[in-house]
Amino acid sequence: MIRRNQRFRNHLDDNLIHLRKNLFISPSDPMYYEKVIRYLDATSPEAHYKIGQKFQRRGNFKRAIFHYKEVLRTYPSPFYSAANRAIRDIEEEKAAHAMNMQHAFPEEAKGILPPFMKTLLIVLLVLNLLLIVLFAGSNPLYKTISTMKVWGAGSDITYETVDAPFVMYIAPETENKAIETALHKQALELAKEMPQTNILIYGVISQDNTSQGKTMLLRDEELTKSAVVVAEYHPATDEAVKIRFLNTEFGKHQPLSAIGANLVRTALTAYTKDHGGPPARLDALLQDFPNNYLSFIPLEATTGSNGISEAFTGDGGWVYTPDAANPSQMFYPNSASVQDIPYEPVHIEINKKEHQLKLVSGDYILWDKEIGLGANDRTPLGQFLVKDRVQNPQGSRTQSYGEAGLGLGAIALHGTYDESSIGSDKSLGCVRLTNGDVQQLFPFVPKGAEVQIQASTWAAPSHEQLKNINLLIPASRPTLDESPEDVIFHWLG
């Protein structure tokens with residue numbers, strides 16, 4: 001490894017591992033793996049396995065087993081099976097050693113007293129207890145005897161088992177059948193390593209692409225609360241893997257389903273106002289600028305589908321009936337677990353005093369962002385409608401409006417490359433957000449959504465902040481042209 005600050009390169013550098021600052025370790029160091037755990041990775045399966053081998057060779061089985069069990073905390077790993085085998089070998093070696101000791105010293109194994117003396121002492125002890133009950137007890141002997149319970153015929157036997165809890169991370173769009181297959185396969189694989197253990201696998205939805213599909217030892221009990229499915233398998237007694245989908249959809253996904261429904265309803269209301277009636281097909285909302293009322297049809301959160309049906313079937317996705325009397329009856333989830341979602345339009349509330357923007361629907365906050373405003377109080381108060389939804393809006397000057405903009409007429413909510421203006425009053429009247437924030441906001445603001453710019457107080461201060469709002473975005477989105485190159489916008493900036 002080359003150190004930039006040294007004048008000449010040392011030939012030993014290639015054999016060193018740089019931990020941090022001026023701290024290096026060499027694989028040839030006898031304490032190399034101990035230092036890896038101390039300074040680099042406290043959970044390293046390789047380091048714990050190598051240290052376990054070291055203690056096993058020394059005959060320190062207690063410390064060896066400790067490190068081998070640390071290896072088992074990480075699954076999968078190249079050392080998982082080897083550590084399992086090492087633990088079994090140590091246990092078998094200890095059992096064999098105890099047996100050899102018994103054969104080598106039979107007199108000691110028999111104990112100090114011969115068997116008949118032990119029996120005599122037990123009989124005398126029982127007689128003493130009976131005499132105490134007879135003469136010192138508060139009840140007569142016959143009453144004492146009558147209260148004794150007699151064991152019934154037959155018996156219930158329970159064998160203690162050890163649970164091995166794991167967590168499997170699942171992609172949001174994964175279908176239930178695919179989840180069942182993955183859990184079943186994983187349970188059988190784990191059973192090969194732990195045939196006497198009760199295997200528990202909790203399925204948890206994850207947005208992290210790097211963790212999706214992976215199974216790891218459960219270290220945080222809080223994860224079990226967010227599990228959507230659990231698999232249980234005890235190889236010694238179970239003939240099949242038991243998989244149970246938890247009935248958490250209503251409590252967990254009801255708010256997200258409501259947001260998805262009201263996002264589309266808000267766009268439908270705007271389309272109806274602009275065209276005199278709702279579209280015959282829902283994909284009419286997904287057009288190129290300037291008719292891009294939406295950027296996608298959201299997923300229905302309880303079923304993970306954004307398919308469209310003409311009538312309710314309960315098969316997932318959404319129901320769209322353009323002839324219905326109101327938005328609530330026109331568009332709603334095609335799921336039996338989500339019913340009676342009221343129409344609460346998606347809208348934006350801006351608090352000038354606090355330099356805060358909230359994207360709101362009903363009692364829920366989708367996004368909460370810090371903003372920049374117009375100098376000298378140039379950002380006007382009032383209610384506005386989103387007229388344009390634009391990616392990479394072109395202005396009279398290059399990069400005037402950042403990466404995206406929501407046009408309100410003379411002003412807009414748009415991105416900025418001057419992040420120092422966020423939280424202050426520097427614009428000519430527009431509302432500024434960082435480019436990252438405006439891109440998060442953009443997909444969830446339909447054309448026609450209302451923007452309320454207020455001096456200070458919020459319209460509804462008791463809103464609840466939603467998490468995992470991006471679960472509504474489908475993996476496959478329509479290709480729309482939302483970046484008009486031939487249109488120059490003249491927002492105040």
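**Salt bridges, a helix and a charged patch**

Tutor: In this predicted model, Glu 70 counts as buried because its relative accessibility is 17%, and the cut-off for buried is under 20%.

Student: What does the Glu 70 side chain meet in a salt bridge?

Tutor: Arg 73, at 3.1 Å from N to O. Arg 73 has 38% relative accessibility, so it counts as partly exposed.

Student: How many salt bridges does the structure hold?

Tutor: Nine. One of them joins Asp 377 and Lys 352, with the closest N and O atoms 2.6 Å apart.

Student: Where do Asp 377 and Lys 352 lie?

Tutor: Asp 377 is in the loop between β14 and β15, and Lys 352 is in the loop between β11 and β12, so the pair ties together parts 25 residues apart in sequence.

Student: Is Asp 377 buried or exposed?

Tutor: Exposed, with a relative accessible area of 59%. Lys 352 counts as buried, at 12%.

Student: And Glu 482, which side chain does that one meet?

Tutor: Arg 389, in a salt bridge of 3.2 Å, N to O. Glu 482 lies in the segment after β22 and Arg 389 in strand β16, so this pair ties together parts 93 residues apart in sequence. Glu 482 and Arg 389 are both buried.

Student: Switching to helix α2. How many residues has it?

Tutor: It has 14, residues 45-58, and reaches 20 Å from first C-alpha to last, close to the 20 Å expected. Its buried residues include Tyr 49, Ile 51 and Phe 55. Just after α2, Gly 59 takes a positive phi of about 90°.

Student: Last one: which residues form the negative surface patch?

Tutor: Asp 89, Glu 91, Glu 92 and Glu 93. Glu 93 is in helix α4 and counts as partly exposed, at 42% relative accessibility.

How values were computed:
Residues numbered from 1 in each chain as written. Predicted model: local features only at pLDDT ≥ 70, side-chain atom pairs only at ≥ 80, totals over all residues. Heavy atoms only, no water. Patch = residues over 30% accessible without salt bridge, like charges linked within 9 Å, V, L, I, M, F, W, Y side chains within 5 Å. Areas by Shrake-Rupley, 256 points an atom, 1.4 Å probe, with all protein chains shown as cover. Salt bridge = Lys/Arg side-chain N within 4 Å of Asp/Glu carboxyl O. Lys, Arg positive; Asp, Glu negative; His and termini not counted. Charge placed at Lys NZ, Arg CZ, Asp CG, Glu CD. Helix = DSSP H or I, 4+ residues; strand = E, 2+ residues; numbered from the N terminus. Buried < 20%, exposed > 50% of the residue type's maximum accessible area, 1.4 Å probe, protein only. Expected span 1.5 Å × (residues − 1).
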